[in-house]
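Hello,

Here is the structure I promised to pass on.

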Amino acid sequence: MAFKFNFPSPGSHISDTEQDESEETHEGKICSSEGKVPTNSGGETMGVEVTVTPQHIQMIQDPYIKLQRVPINEIVLLHLFGCSIERRLKEHKSSKKIATVLNSHSDLVSGVYEGGLKVWECALDLVEFLSTENILENGMKILELGCGAGLPGIFAFLKGATVHFQDFNYEVLDLLTIPNVLLNSRPIENVASTRCRFFAGDWTAVGKYLTEVLDLKNDRYDIILTSETIYNIDNQPKLLHLMKSTLKSTGTIYLASKTHYFGLGGGTRQFEELVHADGTFDIKVCQVVSKGLQKEVLQMNFRA
């Protein structure tokens with residue numbers, strides 16, 4: 001069953017003047033996504049690392065690519081317009097399932113496409129919170145879950161952190177997240193070999209990949225960032241398990257979400273109940289955003 005969220009379009013936090021000045025009017029070519037998340041003999045998805053290629057660099061150097069600027073206090077983030085990528089995915093033979101969802105005018109279909117080509121408003125709320133509270137430090141190791149365009153992780157990267165990005169869809173990382181990271185990097189050629197890595201698959205699969213392949217038992221994350229990821233109640237236990245298995249004992253999780261997702265059942269109050277019942281984390285509201293539908297930033301830490 002398809003669910004369509006009525007969230008603002010990308011750039012809704014930018015004034016009309018800023019958006020007019022920052023928006024390129026041309027549309028250019030994008031690199032094609034040929035990778036697919038592998039499955040095991042039981043048909044379950046497996047985590048896979050998506051690598052940065054010369055094609056990604058060529059993509060962002062295209063003078064006709066369509067960009068948008070997002071000013072966050074002292075930093076301006078750049079990102080590609082997801083809508084222009086959506087149009088090309090609809091025509092791309094290796095992305096038929098996602099194209100079917102997009103052609104149906106739905107923002108997501110659970111287990112097929114999780115809406116990663118849009119910049120959801122809570123992602124911008126989370127970036128603003130991180131900037132205002134001055135939470136990030138140089139040298140931190142950070143994981144962004146359900147990253148989509150990757151703006152919170154990119155902000156952390158610009159603050160000197162090592163950032164690992166995860167999204168359900170390989171195509172989202174390949175066509176949007178990686179180009180966005182490169183757009184905000186100088187020099188762009190050094191991103192893959194230094195402080196950013198990208199992982200595709202659902203939370204169970206990526207959790208296994210991170211703990212087994214990367215051996216995170218002795219080198220977990222200082223901070224986990226995630227936004228607009230608790231709308232589906234059925235997926236929340238997977239998210240919570242991944243958080244428990246990859247966060248340092250002294251680490252912190254920052255989760256931005258709507259208080260309630262109408263028609264879906266998820267939201268911050270409901271997720272708090274799940275966390276309390278699980279008993280692993282303390283959880284509290286550290287920011288309330290009342291603009292539009294009420295949204296919150298939650299903080300989670302391991303219980304003492």
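Let me start where helix α11 ends: the residue that follows is Gly279, with a positive phi near 85 degrees. Helices here are DSSP runs of H or I with at least four residues, strands are runs of E with at least two, and both are numbered from the N terminus.

Before going further, a word on the source: this is a predicted model, in which local features need pLDDT of at least 70 and side-chain atom pairs count only at pLDDT 80 or more, while totals for chains, interfaces and linings use all residues. Residues are numbered from 1 along each chain as its sequence is written, and side-chain values use heavy atoms, leaving out hydrogens and water.

Back to α11, which spans residues 268-278: Thr268, Phe271, Glu272 and Val275 are its buried residues (under 20% relative accessible area with a 1.4 Å probe, protein chains only; exposed is over 50%, partly exposed in between). Seen down the helix axis, these fall within an arc of 105 degrees, so they line one face of α11 (the arc is taken from the directions from the axis to the C-beta atoms). Glu273 and Ala277 are exposed on the other side. The cover over the buried residues includes α10, β10, β11 and β12 (contact means heavy atoms within 4.5 Å).

Strand β12 is largely enclosed by the rest of the structure, because 6 of its 8 residues are buried. It runs antiparallel to β10, with 6 bridges, and Leu255 stands opposite Leu298 of β12. β11 and β12 are also antiparallel, joined by 8 bridges; there Phe281 has Phe302 as its bridge partner. Strands count as paired if DSSP finds at least two bridges between them.

Best wishes
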